[in-house]
Amino acid sequence: MAATGAHVATGRWEHFPHDADIGVRGYGASPGEACEQAALAMMAAIVDPATVRLEQAVDIDLEAPRLDLLLVDWLNALIYEMAERRMLFGAFEVKIDDNRLKGRAFGEAVSRARHAPAVEAKGATYTELAFVEDRPGQWRAQCVIDV
Amino acid sequence: MDLSRFERLSDTAWRIAPFGGMRVPAIVYATEDLMREMDDKVFDQVTNVAKLPGIVRASYAMPDAHWGYGFPIGGVAAFDADEGGVVSAGGVGFDVSCGVRTHLTHLTREQIVSVQPELADALFEHVPAGVGSEGEIALDEQGMNAMLLGGAQWAIERGFGRAEDLDRIEERGCASGADPAAVSEHARKRQRREMGTLGSGNHYLEVQEVAEIFDEKTAAAYGLVKGECVVTIHCGSRGLGHQIGTEYLRDMVISAQDYGIELPDRELACAPIKSELGQRYLGAMRSAINCALANREIIGHLTRQVFARFFEHGELPLMFDVSHNTCKVERHAIDGQTRQLFVHRKGATRAFGPDHEGLPKALRPFGQPVIIGGSMGAGSYVLAGMQTSERQAFSSACHGAGRRMSRHAATRAWGGRKVVDDLRAQGIIIKSPSLRGVAEEAPGAYKDVRAVVDSAEAAGLARKVAFLKPLICVKG
C-alpha cells in the first residue's frame, strides 16, 4: 500500500524556518511528486512519518483556479481529513492535470501514546507560497503551515 | 531590523512614513533592543497592512511583534466601513479568538505544592490536550448553532461554568452578530468532538504563583495576592476557527480582484466590510469567537472540577478572559470625532484604560486586565490597560513574549526530556503527550517576556500589575 518508495528516489522534502510556525517544501520530478513531498514535510512537522502505519487510504479530489492555490488546497484538505478522521498520514500519491489534483493519503488512527504528535496543523497559508518548476523536471512546492 | 528606515518618536515608538502605496504611516512600539532583534519581515508586513483600503490613522505593531501571515503577529489595524474599509481573514488568523483567561484560586503556594504532582496528573488526565484528544460534549446541529450564537453564555446555561464569570469576559462572553449559517459543514464537523479541548503547540493550562506585585491597588481589585496561586488557560476556537480561517482566506484571495483590491501579500486577503463576502465572514468569525469563548469556559469548568477534588473551596472565580486574534466593532475618537471602526488585533490584546464604558464596574477605575503569556519557564504577567493606549493603538497591547527561535532550531538545541527535568528542578511540573512538543516550546525558544512588558508599559500601552511564576504546566 505504501506507494511512495519509487518516488523517494527523485523526490525529497525539507523544512524552512518561520518565526512562530514552520515552512514545508517538497521537491519532485513532477507537480504531483512535489505535492507528495510537501505533504510528507507537513506530516514530519507533526510526527515522524515512518512511525505511521499505512492501514487506511483516503481519497482527495480537488480543483483550483491556479496551481499554487491547488497546493494550499491539498495541504488544507489533508489537515481537514486528519482532524475529522482523527488520523495521521505517512505516505501520499498525487496526480495533477490542468489544475486538478487527484490524491490519496495513507495512514492510521492517531495514537497519542505511540505517535506523541508534537503539534496540530491549523492551516496551510499563502505565506512563502511557491509551486514552480525551477529547472526542467525539478518542481518545488512550498508554503508556511500555521501550527 | 534596520532602524535607519524608522523615524524615532520616543524611546519606544518608531514611525515609518508612508511610501509605495501606504495610505497611512506604520508605527512600531518597542525598545531599541527589541527593535534590533525584530525580524525584517515585521517591517514588510506592518507597511503592507498600511496599504489596505479604509485603514484609519496608522498600522501598528506591538513590542512582541514577529513574522506572521499578512499581518505581523502583534499587528493592530482599524478600518472604517464608510471609507471602503475591509475585513481581513488573514488579519484575524486561523485560530480565531485564541486567547487567555486567568482564574483565581485563593490557595497559597504551599497548598498547591503539597499536592503538586497529583494535581498535575489530575489536570492532565481531565482536560483533553494534544493532537487527537476529544472532548466529552457532543454537539448535534441544534446544539452547535446554539453554541455558535451563545458563546460562554451557552456554556454556562449548559452547566459548564458560573453566571458571574460573564462579568469578566469580553462582551460578556458572547459576540453579537454571529451567523451560524455562514459556518460551513466542514467547520462544524471539525468541531463536533473538540469542545472543551486545549489543542497543542503553544496552548497550555498553567497553575501559577503570584510571585510579584507591581501595583498593589490594581492587583487587589483584580483579586491577585502575592503568594497565592492562579490558573491560566491559553487556547482558542479549535478546529472550527481553523476551518473558517482556511475557507474564508481562500474565498478572499480569489475574489479580491473582483472587489478591486490589490493585495500586497495574498495572506492579507480581505473583502470590503460592506460586501456580501465581508458580511458573511464577519458572521462566521463572530461564531468562531463564540466557539472560543465557550471552549475556554468549559475548560475553566473542567479545571474547577479537578480543584474541587483536592480543595474544599474549588470555586476558582474568573479574573478575566481576553482574546488576541479578533476583529471587533469599536468606537474610537479620531481627530475629535467618535467613529465606529473594525479593529483587527492579530496576536494583540484589547487593553481598555480606566473609565472605559466597556469594562465591568468593579474594574472600571483600574483598566482592563491584560494577560501576557510567557514561556513555561519564564512566567507570565498581568497588566492593566492605560488611557494612553487609546491614542497609541486603539486601546491595544502585546499578547506574549514572541519566539526568538524556530521550532526546528529549538528541537536541535534541546531534548524534551531535559527541558522537563530542568524545569522540575526549578519546581515546575510539565505534563505533555509529546516531548518533542515540549522541546519546541522550551523557555529558551522565546524572547524575554520582561523586556516585552517593560516596553509595553514605557510605550503607554499597558502597565505592569503582577508577575506569575508557573508551578504546573499542561501542554497540548
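Does R193(B) count as buried, partly exposed or exposed, and at what relative accessibility? In this predicted model, R193(B) counts as partly exposed, because its relative accessibility is 28% and so falls between the limits of 20% and 50%.

R193(B) forms a salt bridge with E134(B), and the closest N and O atoms of the two are 3.4 Å apart. E134(B) sits in the loop between α5 (116-126) and α6 (141-150) of chain B, while R193(B) sits in the loop between α8 and β8 (204-213) of chain B, so the pair ties together parts that are 59 residues apart in sequence. E134(B) also counts as partly exposed, at 36% relative accessibility. Through shared partners, salt bridges join R86(A), E120(A), E134(B), R193(B), E194(B) and R238(B) into one network.

N295(B) lies in helix α11 of chain B, and with 0% relative accessibility it counts as buried. A polar atom of the side chain of N295(B) lies 2.5 Å from the backbone nitrogen of G196(B).

## Where the chains meet

In the contact between the two chains, 44 residues of chain B touch 43 residues of chain A. Together the chains bury about 3800 Å², of which 49% is on carbon and sulfur atoms. W67(B), Y69(B) and V131(B) supply 19% of the area that chain B buries against chain A, which is more than any other three residues supply.

Across this interface there are 8 salt bridges, and 18 residue pairs are in polar contact. The largest share of the side of chain B that touches chain A, 8 residues, comes from α10(B). One salt bridge between the chains joins the side chains of E128(A) and K41(B), at 3.2 Å from N to O; it runs from the loop between β6 (123-124) and β7 (130-135) of chain A to helix α2 of chain B. Both partners are partly exposed, E128(A) with a relative accessible area of 32% and K41(B) with 27%.

## Helix α2 of chain B

Although K41(B) is partly exposed, 7 of the 10 residues of helix α2 (residues 40-49) of chain B are buried, so the helix is largely enclosed by the rest of the structure. Among the buried residues are V42(B), F43(B) and Q45(B), and what covers the buried residues of the helix includes β2 (13-16), β3 (26-29), β4 and β5 (71-79) of chain B. At the start of α2(B), a side-chain oxygen of D39(B) reaches to within 2.9 Å of the backbone nitrogen of K41(B).

In soluble globular proteins, nonpolar side chains tend to be buried together. The largest nonpolar core here has 185 residues, and those with the most contacts inside it are W74(A), L75(A), L78(A), I145(A) and F307(B). Helix α11 (residues 276-310) of chain B gives the most to this core, with 15 residues. Leaving aside neighbours within four places in sequence, I145(A) is in contact with residues including L75(A), A121(A) and Y69(B).

## Confidence in chain A

The mean pLDDT of chain A is 91, and 93% of its residues reach 70 or more. Over residues 1-9 of chain A, however, the pLDDT is below 50, and this stretch has 12 contacts in the model beyond near neighbours in sequence. Where pLDDT is low, the predicted coordinates should not be read in detail.

Key. Residues are numbered from 1 along each chain as its sequence is written. Chains are lettered from A and ligands numbered from 1 in the order in which they are written. This is a predicted model: local features need pLDDT of at least 70, side-chain atom pairs count only at pLDDT 80 or more; totals for chains, interfaces and linings use all residues. Side-chain values use heavy atoms; hydrogens and water are left out. A nonpolar core is a set of buried Ala, Val, Leu, Ile, Met, Phe, Trp, Tyr and Cys residues joined through side-chain atoms within 4.5 Å. Buried means under 20% relative accessible area, exposed over 50%, partly exposed in between (1.4 Å probe, protein chains only). Helices (H or I, at least four residues) and strands (E, at least two) are DSSP runs, numbered from the N terminus. Contact means heavy atoms within 4.5 Å. pLDDT is the predictor's confidence in each residue, from 0 to 100. Buried area is the accessible area (1.4 Å probe) that two parts lose on being put together, summed over both. A salt bridge is a side-chain nitrogen of Lys or Arg within 4 Å of a carboxyl oxygen of Asp or Glu. A polar contact is a pair of N or O atoms within 3.5 Å; within protein, one must be able to donate a hydrogen and the other to accept it, and residues adjacent in sequence count only if both atoms are side-chain atoms.
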